[in-house]
Amino acid sequence: MKIGFAGPIDTQLLSASLELEELNLPEAYSVPMNALLVSAFLEKGHEVVVFGLSENVSEPQTYTSGKLKICLGRYRKGQRARDFFRVERNDLMQLMRDEPCDILNAHWTYEFALAALAVDRNAIVTVRDWAPEILKQMPDVYRFVRLLMALKVYLRGKTFTVNSPYMKRLLDKWTWHTGLLVANGLADRSFEPVAQWRDATRERTIIAINRGFFERKNIPTLLRAFAHLREKVANVRLLLIGDGSEEGAAGHTWASENSLDEGVDFLGSLPYLEVQSYLRESSLLVHPSYEESFGMVLIEAMAKGVPVIAGKESGAVPWVLDDGRAGVLVDVSNPETLAGSMTLLLNDEKEWQKFSQFGYKHAKESFGMSSVADKYLEIYEATLSS
């Protein structure tokens with residue numbers, strides 16, 4: 001089968017995973033999980049054409065290696081929303097028309113889906129976030145434009161997949177579509193329980209990985225909780241990874257102004273494989289986000305045996321954490337509650353081991369990429385035969 005995959009793609013991870021260094025791929029607007037899914041399709045013997053976007057191309061470019069073709073359109077650094085991503089959509093449509101596929105699957109309900117549906121009305125759309133909720137939590141013009149784009153996708157599209165029961169409930173309730181559930185996944189080789197319990201005689205690292213610092217990602221509450229934790233627990237550090245958490249960025253400035261930067265490493269955005277290295281050495285992952293359609297960092301931590309603390313009302317998070325059996329669910333709006341959960345796991349080896357083992361088992365049984373790819377392939381076959 002020749003699969004057209006339209007969405008953000010981590011070209012550097014894809015290059016490293018498939019040993020494509022000779023292609024000299026430019027960095028692209030990226031999401032690591034998509035690269036892992038593309039790799040899984042290739043491992044199963046299918047041909048894959050990736051339709052992505054990059055700030056580092058001045059005109060559409062195509063790169064080929066074996067059964068993989070990567071087609072990159074332009075991604076403007078700013079002003080994209082003013083014309084509803086017109087340049088990006090036009091480049092994607094041109095690339096899709098030049099490289100017809102048996103099936104076309106667009107990931108996210110914005111420029112990629114609009115382009116795919118303009119080329120193929122039977123294109124499958126994978127819903128990975130809920131635009132109305134994002135606009136509610138981050139009310140600005142950019143998110144309003146994204147909402148309008150998503151609404152157009154729901155009007156045009158026929159077949160939708162969702163990555164969690166939370167997203168399925170939203171899609172089924174607010175549109176006339178019925179979402180087909182296919183969870184996010186990790187490469188099967190990623191499941192290795194390497195995390196180790198550390199007592200107070202050794203430094204313990206708490207890690208938080210978020211695409212953002214304020215609003216729905218809720219890092220300020222985590223910093224307040226960490227300050228409470230340091231009053232009771234010795235030898236701990238907090239690593240902040242993601243946009244807005246760079247030294248000198250808005251998040252770092254806010255933390256410094258509020259005297260909440262002590263014991264915190266502001267690492268900012270890092271390559272996927274480097275993030276995974278930090279995770280391997282961490283004692284806890286704390287994910288304070290108020291809302292997630294899935295939460296990839298949760299299964300990335302569980303796959304390494306790192307216990308997870310996250311929000312009990314944060315969208316899909318309770319489902320990913322098996323309703324609290326595979327991770328600790330708390331009120332992430334309360335710094336004292338968050339600090340209490342961290343204190344418990346750092347001080348109680350039995351509790352730490354329980355969530356390390358249960359989390360690893362649940363992630364491996366539920367979110368392996370090979371089985372995720374098989375579910376997508378079943379949907380593709382059904383679509384082609386209908």
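**Salt bridges and surface patches in a predicted model**

I start with Arg189, whose relative accessible area of 55% is over the 50% cut-off, so Arg189 counts as exposed. This is a predicted model, so please hear every value in this talk as computed from that model.

As a general point, side chains of opposite charge can pair when their charged atoms come close. For the structure as a whole, the count comes to 21 salt bridges. I will show a few of them.

The next pair is Arg198 with Glu281. Their side chains meet in a salt bridge, with 3.5 Å from N to O. This pair also links distant parts of the chain, here 83 residues apart. Arg198 is in the loop between strand 8 and strand 9, while Glu281 is in the loop between helix 10 (272-280) and strand 12 (284-287). Is Arg198 buried or exposed? Its relative accessibility is 14%, which is under 20%, so Arg198 counts as buried. Glu281 comes out at 48% and therefore counts as partly exposed.

Now the third pair. Glu291 and Arg216 form a salt bridge whose closest N and O atoms are 2.6 Å apart. Glu291 lies in the loop between strand 12 and helix 11 (296-302), and Arg216 lies in the loop between strand 9 and helix 8 (219-232), so this bridge ties together parts of the chain that are 75 residues apart in sequence. Glu291 and Arg216 are both buried. Some salt bridges share partners: Arg76, Asp83, Arg86 and Glu88 are joined into one network in this way.

Which residues make up the patch of positive charge? Arg121, Lys152, Arg156 and Lys158 gather there, on the surface. Lys152 is placed in helix 6 (residues 141-156). With 40% relative accessibility, Lys152 is partly exposed.

There is also a nonpolar surface patch of about 330 Å², made by Phe84, Phe144, Leu148 and Leu151. Of these residues I will take Leu148, which lies in helix 6. Leu148 has a relative accessible area of 32%, so it is partly exposed.

Staying with this helix, look at Arg146, which is found in helix 6. Arg146 is at 11% relative accessibility and so counts as buried. What does Arg146 touch, apart from its neighbours within four places in sequence? Its contacts are Tyr29, Phe85, Tyr110, Glu111 and Ala131.

Next, the start of the chain. Leu18 is part of helix 1 (residues 11-18). A relative accessibility of 26% makes Leu18 partly exposed. Leaving out neighbours within four places in sequence, Leu18 is in contact with Ser39, Leu42 and Leu68. For Ser65, I can give you a spacing: Leu18 and Ser65 are 47 residues apart in sequence, and their C-alpha atoms are 9.6 Å apart in space.

Last, two backbone angles to check on your own screens. Trp108 has a phi near 85 degrees, which is a positive value in a residue other than glycine. Where is Trp108? Its place is in the loop between strand 5 (103-107) and helix 4 (111-119). Trp108 has a relative accessible area of 18%, under the 20% cut-off, so it counts as buried.

The second one is Asp322, where phi is positive at about 55 degrees although the residue is not a glycine. Asp322 lies in the loop between helix 12 (317-320) and strand 14 (328-330). Asp322 is at 24% relative accessibility, so it counts as partly exposed.

Conventions
Residues are numbered from 1 along each chain as its sequence is written. This is a predicted model: local features need pLDDT of at least 70, side-chain atom pairs count only at pLDDT 80 or more; totals for chains, interfaces and linings use all residues. Side-chain values use heavy atoms; hydrogens and water are left out. A salt bridge is a side-chain nitrogen of Lys or Arg within 4 Å of a carboxyl oxygen of Asp or Glu. Buried means under 20% relative accessible area, exposed over 50%, partly exposed in between (1.4 Å probe, protein chains only). Helices (H or I, at least four residues) and strands (E, at least two) are DSSP runs, numbered from the N terminus. Patches are made of residues with over 30% relative accessible area and no salt bridge: like charges are joined within 9 Å, nonpolar side chains (Val, Leu, Ile, Met, Phe, Trp, Tyr) within 5 Å. Accessible areas come from the Shrake-Rupley method with a 1.4 Å probe; for residues, only the protein chains shown count as cover. Lys and Arg count as positive and Asp and Glu as negative; His and the chain ends are not counted. The place of a charge is taken as NZ of Lys, CZ of Arg, CG of Asp or CD of Glu. Contact means heavy atoms within 4.5 Å.
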